[in-house]
Amino acid sequence: MEAVLQTRCLLSLPPNPTRVRVRSLLNPSQGLKQRLFASKPLGLSGLSLSYKEVPSFVAKPNGLSPKGKNFICKAEAAAATDGQPLFGETQKPKFLGIELVTLKKIIPLGLMFFCILFNYTILRDTKDVLVVTAKGSSAEIIPFLKTWVNLPMAIGFMLLYTKLANVLSKKALFYTVIVPFIAFFGAFGFMLYPLSNYIHPEALADKLLAVLGPRFLGPLAILRIWSFCLFYVMAELWGSVVISVLFWGFANQITTVDEAKRFYPLFGLGANIALIFSGRTVKYFSNLRKNLGPGVDGWAISLKGMMSIVVLMGLAICFLYWWVNKFVPLPTRSMKKKEKPKMGTMESLKFLVSSKYIRDLATLVVAYGISINLVEVTWKSKLKAQFPSPNEYSSFMGDFSTATGIATFTMMLLSQFIFDKYGWGAAARITPTVLLLTGVGFFSLILFGDPLGPTLAKFGMTPLLAAVYVGAMQNIFSKSAKYSLFDPCKEMAYIPLDEDTKVKGKAAIDVVCNPLGKSGGALIQQFMILTFGSLASSTPYLGGILLVIVLAWLAAAKSLDTQFTALRQEEELEKEMERAAVKIPIVSETGNGTFAG
């Protein structure tokens, strides 16, 4: 941080000034070109002059001149020492070069983010185990859950949240939202799951299945295991509500822009550390069954242990939030706030269609959501076939989360090198390329697994196990590329746009493309299941759809790269022109006694 010394003085001009010499005030050893286009700011030896004309009384050697118009001269000098405080300011205490006030914010925020992500990983792995391995259910339930249960509840929550935000303070709103989550997960582990055999309408679901046929296994499973589906939705909402709305809203409230630029990337690395540790926790509790006697429900014991940790972490989040609000001063903000334009669905669609740049960016978002959904659900159906026991399934998901955290952590360290060395376009194409290559391998093993059986047997694997491992690799590499490259690319693409397009385009993509990407894959799978009877029967068609979508994704990324590069070059040219447009004021007296610059 460069401190600026400012001295102000009132100067009177000679009776008949014809020109004010500016050159003598600057370093005479430097030429004009070097002074105007120097890349470094002037040190204490250089002065930056600015002036304005004001009517005033100014003391002169021969008395006062009430009619003269004089100039206020301001001299500024940049201090050479970084971090030197301004005149009148006391140096704030620091630790390791960081102000203590900043550390009091960043450390609790980092711990909050760790606890939230730790819980999210446990909940994400557990929700899949519950709905996929439950009796009378399968992975085919997931598309129906995402479309007909998760989406309506998410919309309902946001409507309720908007109403509560109008009547509650920010602190009360935070506790009102997070406490029901903590209470539900605790109650599920110790009450709802042990009572699941009594509260699930198994007989009714069996009768309806006999009437409607096996094609309706997915929708009827929602009724059959309704408490597990409720857990699935609450776990999904923890990711979108507690992470996106509560945490990032609070972080943006208490940090300055400079602090955010410096410390927000570190939160991403911390999130992946949480992923690694929580994966090991899931693995540990999933293996408890091996040490239990016969007749004991090992999964119920594991679930109680994991939900206890979720509750403790949730209480830690509440404590950290209370501590920051009580002991950390909030930064002062400008009262003026730019309102984000509220666009309806039809307005958003019209805006998307009108701009090629926004269209390509929307294609990236939708294509990722559909592609990852098509592969992930098919993979989870194979995962259940390989690991039918809840504990075995959960143990594998623990290893999966740990591997995802390690891969993402590594990719985040490499992402800066990729951006610097190969640019935005190469970084934007890595995610679809990884998803396409691993997706081809995954679907090939499913479709042509039998001929490959003898070869795979030499490595001690069956075609099913090989498909599970390749699908896991596909998910790990796709998600690590998404977190480290796709998300930064998407946000960077907004930067060179003009302010109006930037704000409206982001609003349009938030309203239309995110839900479309998440639900698009689920709708395609529902259509395939109802048409062909099962996911296994529709696998060849899902592979063909994946290929078409990823190719469209790559084409949009290439087109967007061309437009993005052109906009960046235009922006750089404008900055160069602004830096070059430096004017030295020349003041002269006109005939009527006034001054002209």
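I began with arginine 224, which is buried, with a relative accessible area of 5%. The model I am reading is a predicted one.

**Entry: the partner of arginine 224**

I looked for the partner of arginine 224 and found a salt bridge to aspartate 206, side chain to side chain, at 2.9 Å from N to O. Aspartate 206 belongs to helix H6 (residues 202-212) and arginine 224 to helix H7 (residues 217-224), so the pair ties together parts that are 18 residues apart in sequence. I then checked the accessibility of aspartate 206: its relative accessible area is 41%, so I noted aspartate 206 as partly exposed.

**Entry: other salt bridges**

How many salt bridges does a search of the whole structure find? I wrote down 11. I kept in mind that side chains of opposite charge can pair when their charged atoms come close.

Next I took aspartate 128 and lysine 380, whose side chains meet in a salt bridge at 2.8 Å, N to O. This pair links distant parts of the chain, with aspartate 128 in helix H2 and lysine 380 in helix H12, 252 residues apart.

I went on to glutamate 376, which forms a salt bridge with lysine 479; their closest N and O atoms are 3.0 Å apart. Here too the pair links distant parts of the chain: glutamate 376 sits in helix H12 and lysine 479 in helix H15 (residues 463-492), 103 residues apart. Glutamate 376 has a relative accessible area of 11% and is therefore buried. Lysine 479, at 10% relative accessibility, also counts as buried. I noted that salt bridges with shared partners join Lys127, Asp128, Glu236, Glu376, Lys380 and Lys479 into one network.

**Entry: helix H12 against helix H17**

I turned to the packing of helix H12 (residues 356-386) on helix H17 (residues 535-580). Their axes are 8 Å apart and the angle is about 150°. Because an angle over 145 degrees counts as roughly antiparallel, I recorded H12 as roughly antiparallel to H17. The crossing of H12 past H17 is left-handed. I sorted the residues of this contact and have 22 nonpolar, 7 polar and 2 charged.

**Entry: serine 138**

Last I looked up serine 138, in the loop between helix H2 (100-133) and helix H3 (141-167). Its relative accessible area is 16%, so serine 138 is buried. What is serine 138 in contact with, leaving aside its neighbours within four places in sequence? I listed Val131, Val132, Leu217 and Lys384.

Conventions:
Residues are numbered from 1 along each chain as its sequence is written. This is a predicted model: local features need pLDDT of at least 70, side-chain atom pairs count only at pLDDT 80 or more; totals for chains, interfaces and linings use all residues. Side-chain values use heavy atoms; hydrogens and water are left out. Axes are lines fitted to C-alpha atoms, for helices over the stretch in contact, and angles run from 0 to 180 degrees between N-to-C directions. Helices (H or I, at least four residues) and strands (E, at least two) are DSSP runs, numbered from the N terminus. Angles under 35 degrees count as roughly parallel, over 145 as roughly antiparallel, 65 to 115 as roughly perpendicular and the rest as oblique. A crossing is left-handed if the near helix is turned anticlockwise from the far one by less than a right angle, and right-handed if clockwise. Ala, Val, Leu, Ile, Met, Phe, Trp, Tyr, Cys and Pro count as nonpolar, Asp, Glu, Lys and Arg as charged, and the others, Gly among them, as polar. Buried means under 20% relative accessible area, exposed over 50%, partly exposed in between (1.4 Å probe, protein chains only). Contact means heavy atoms within 4.5 Å. A salt bridge is a side-chain nitrogen of Lys or Arg within 4 Å of a carboxyl oxygen of Asp or Glu.
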